[in-house]
Amino acid sequence: MQASRKVDKQAAHGKPAEAVPSAQAAFASYAAPLVDAAIEQAHEVHEDTSPEALHKLRVSLRRLRSLWWAFEPLLDKGENTRQRALYKYLATAAGKTRDWDILIELIAEGAGGERVAHELAPKLEEARGGALETSRETLSNADVKRLLQDALTSASKELNTAHERVPLQTFVDQRVAASERSLKKRIKRASRAKRSNYASFHEVRKAGKKVRYLLEFFEPVLSGNHKAVLKRLKQIQKRFGTLNDIVTSEMLLRDNLGLLAGSGDTDAALDWFRKERKRRMRAAAGLLRKL
């Protein structure tokens, strides 16, 4: 990594090392560490086959997508949309293998029983290996380093040459407030939806992640106290994250029944996921009523 791109621990978490007068001038100090981290993690995926390596890359790409959303009012709308779509595409590529990791973990923990876990393990690991190769190939073909560096250069140039300047604190206060309003709307919508409507619950989880990322980015310069919001986000992340793992794993298992045929009692595993999904949906709905 180039010396000019080295940052301290605070900047490595997406925060600027020192205060800057405008949002336009601050952008690179938020974005550069995230880009560097994602590039490094994309490289590590080719050396490290562990679930954690892919998870870190997916999180970095999601954080980049949230940062570009935050600066959307200051950037060309079309280009901003394309960049956020790129981050989503790359995160999805990494996520396909991560989904198998979660399914394998849940099966190993007892989804369907110990016998089922033992019988399905070889086929699940084989499928995970195939997904990993696909993830690696997709990320390699995409040339992640060039794409992310080009995105950073393009956005930084646009912001640095803009005639208008917006005070950083004013800007981040407005964007965090907008993300919080979006979360409240999705919570309200999900609380009115049928319990079986997982899509509305998923929207709450995504909106909550965006708010959390923005608070992590901008906390040092935000006005007001956001402790209550952070407490709510931790509750959402824990309960809705577990629900998402169950739903995603159940869908993945159902979509690959042919691949797993003859390797074990998939019906027993699916029955466990169905019951667990209903239980987690009730728990998520209960949390929504308290928020």
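Me: What counts as a helix here, and where is arginine 289 placed?
Reply: A helix is a DSSP run of H or I with at least four residues, numbered from the N terminus. In this predicted model, arginine 289 sits in helix α11.

Me: Is arginine 289 buried or exposed?
Reply: Exposed means over 50% relative accessible area. Arginine 289 has 62% relative accessibility, so it counts as exposed.

Me: Which residues gather in the patch of positive charge on the surface?
Reply: Lys and Arg count as positive. Here the patch gathers Arg195, Lys238, Arg239, Lys278, Arg282, Arg289 and Lys290.

Me: Which helix gives the most to the positive patch?
Reply: α11 does, with 4 residues. Both α9 (227-255) and α11 (266-290) supply at least two residues each.

Me: How many aromatic pairs are there?
Reply: Two rings pair if their centres lie within 6.5 Å. The count is 9 aromatic pairs. Take phenylalanine 71 and phenylalanine 171: their ring centres are 5.2 Å apart and their planes stand at 40°, so the pair is tilted.

Me: What does the pair of phenylalanine 71 and phenylalanine 171 tie together?
Reply: Phenylalanine 71 lies in the loop between α3 (51-70) and α4 (77-108), and phenylalanine 171 in helix α7, so the pair ties together parts 100 residues apart in sequence.

Me: How far apart are the ring centres of phenylalanine 201 and phenylalanine 240?
Reply: They are 5.7 Å apart, with planes at 45°, so this pair is tilted. Phenylalanine 201 is in helix α8 and phenylalanine 240 in helix α9, so parts 39 residues apart in sequence are tied together. Phenylalanine 201 counts as buried at 1% relative accessibility. Phenylalanine 240 counts as buried at 2%.

Terms used:
Residues are numbered from 1 along each chain as its sequence is written. This is a predicted model: local features need pLDDT of at least 70, side-chain atom pairs count only at pLDDT 80 or more; totals for chains, interfaces and linings use all residues. Side-chain values use heavy atoms; hydrogens and water are left out. Patches are made of residues with over 30% relative accessible area and no salt bridge: like charges are joined within 9 Å, nonpolar side chains (Val, Leu, Ile, Met, Phe, Trp, Tyr) within 5 Å. Accessible areas come from the Shrake-Rupley method with a 1.4 Å probe; for residues, only the protein chains shown count as cover. A salt bridge is a side-chain nitrogen of Lys or Arg within 4 Å of a carboxyl oxygen of Asp or Glu. The place of a charge is taken as NZ of Lys, CZ of Arg, CG of Asp or CD of Glu. Buried means under 20% relative accessible area, exposed over 50%, partly exposed in between (1.4 Å probe, protein chains only). Rings of Phe, Tyr and Trp (its six-membered ring) pair if their centres lie within 6.5 Å; planes under 30 degrees apart count as stacked, over 60 as edge-to-face and the rest as tilted.
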